[in-house]
Amino acid sequence: MPRRARRCRILLALRQAPAYPADLADQLGVSRTRLSNHLACLRDCGLVVTVPDGRRTRYELADERLGHALDDLRAAVVAVEADKTCPDAASKGCC
């Protein structure tokens with residue numbers, strides 16, 4: 001699976017609820033090391049933040065608007081997938 005796809009799955013999982021890395025790794029079926037690398041990248045990009053919780057660290061989306069954007073993007077992808085025909089294909093030769 002490409003890196004982008006894994007990172008998208010992480011973001012979608014965090015859209016559902018904040019999570020601890022070990023739980024996310026189990027949920028997504030990836031190693032904890034690989035998940036940690038992806039979380040570090042997402043954190044460096046400003047998409048997720050860490051929240052200390054005792055001796056553990058929880059991850060969540062950096063901004064609730066990101067969650068709404070993910071929902072909108074997922075809805076758009078589903079709409080496009082449902083209607084694979086492009087109305088401009090014949091006139092613009094784009095599809």
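I take helices (H or I, at least four residues) and strands (E, at least two) as DSSP runs, numbered from the N terminus.

Before going on, I noted the ground rules. This is a predicted model, in which local features need pLDDT of at least 70, side-chain atom pairs count only at pLDDT 80 or more, and totals for chains, interfaces and linings use all residues. Residues are numbered from 1 along each chain as its sequence is written, and side-chain values use heavy atoms, with hydrogens and water left out.

**Overview**

I listed the elements of the protein chain. It has five helices and two strands. From the N terminus on, I read them as α-α-α-β-β-α-α. I then looked up burial, where buried means under 20% relative accessible area, exposed over 50%, and partly exposed in between (1.4 Å probe, protein chains only). Buried residues are 22% of the 95 residues in the chain. For contacts I use heavy atoms within 4.5 Å. Among contacts with a separation of 6 or more, 45% join residues 24 or more positions apart.

**Helix 2**

Which residues of helix 2 are buried? I found Leu24, Ala25 and Leu28. Seen down the axis, they fall within an arc of 100 degrees, so they line one face of helix 2. The arc is that of the directions from the helix axis to the C-beta atoms. On the other side of helix 2, I found Asp26 and Gln27 exposed. The buried residues of helix 2 pack against helix 1 and helix 3. I wrote down a general point here. An α-helix has 3.6 residues a turn, so residues three or four places apart point the same way.

**Helix 1**

I checked the length next. The expected span of a helix is 1.5 Å times one less than its number of residues. For the 14 residues of helix 1 that gives 20 Å, and the end C-alpha atoms are 20 Å apart, which agrees. Arg6, Ile10, Leu11, Ala13 and Leu14 are buried in helix 1. They cover an arc of only 160 degrees around the axis, which puts them on the same side of helix 1. The face turned away from that buried side carries the exposed residues Arg4 and Gln16. I looked up Arg4 by itself: it counts as exposed because its relative accessibility is 67%. From Arg4 to His38 I counted 34 residues in sequence, yet their C-alpha atoms are 9.3 Å apart in space.

**Helix 3**

Helix 3 covers residues 32-44. Its 13 residues reach 18 Å from first C-alpha to last, close to the 18 Å expected. I marked Leu35, His38, Leu39 and Leu42 as its buried residues. Down the axis of helix 3 they sit within an arc of 100 degrees, so they line one face. Thr33, Asn37 and Asp44 are exposed on the other side of helix 3. What covers the buried residues of helix 3? The cover includes helix 1 (3-16), helix 2 (21-28), strand 1 (48-53) and strand 2 (56-61). Just after helix 3, I noted Gly46 with a positive phi of about 80 degrees.

**Helix 1 against helix 3**

Two packed helices are described by the angle between their axes and the distance between the axes. I use lines fitted to C-alpha atoms, for helices over the stretch in contact, with angles from 0 to 180 degrees between N-to-C directions. Helix 1 and helix 3 pack at about 80 degrees, and their axes are 10 Å apart. They are therefore roughly perpendicular; under 35 degrees counts as roughly parallel, over 145 as roughly antiparallel, 65 to 115 as roughly perpendicular and the rest as oblique. Helix 1 gives Arg3, Arg6, Arg7, Ile10 and Leu11 to the contact, and helix 3 gives Arg34, Leu35, His38, Leu39, Cys41 and Leu42.

I also looked up His38 of helix 3. It counts as buried because its relative accessibility is 6%. Leaving aside neighbours within four places in sequence, His38 is in contact with Arg3, Arg6, Arg7 and Ile10.

**Tyr20**

My last entry is Tyr20, in the loop between helix 1 and helix 2. Is Tyr20 buried or exposed? At 17% relative accessibility, Tyr20 counts as buried. Beyond four places in sequence, Tyr20 is in contact with Asp53, Arg56, Thr57 and Arg58. Tyr20 and Asp53 are 33 residues apart in sequence and 9.6 Å apart in space, C-alpha to C-alpha.
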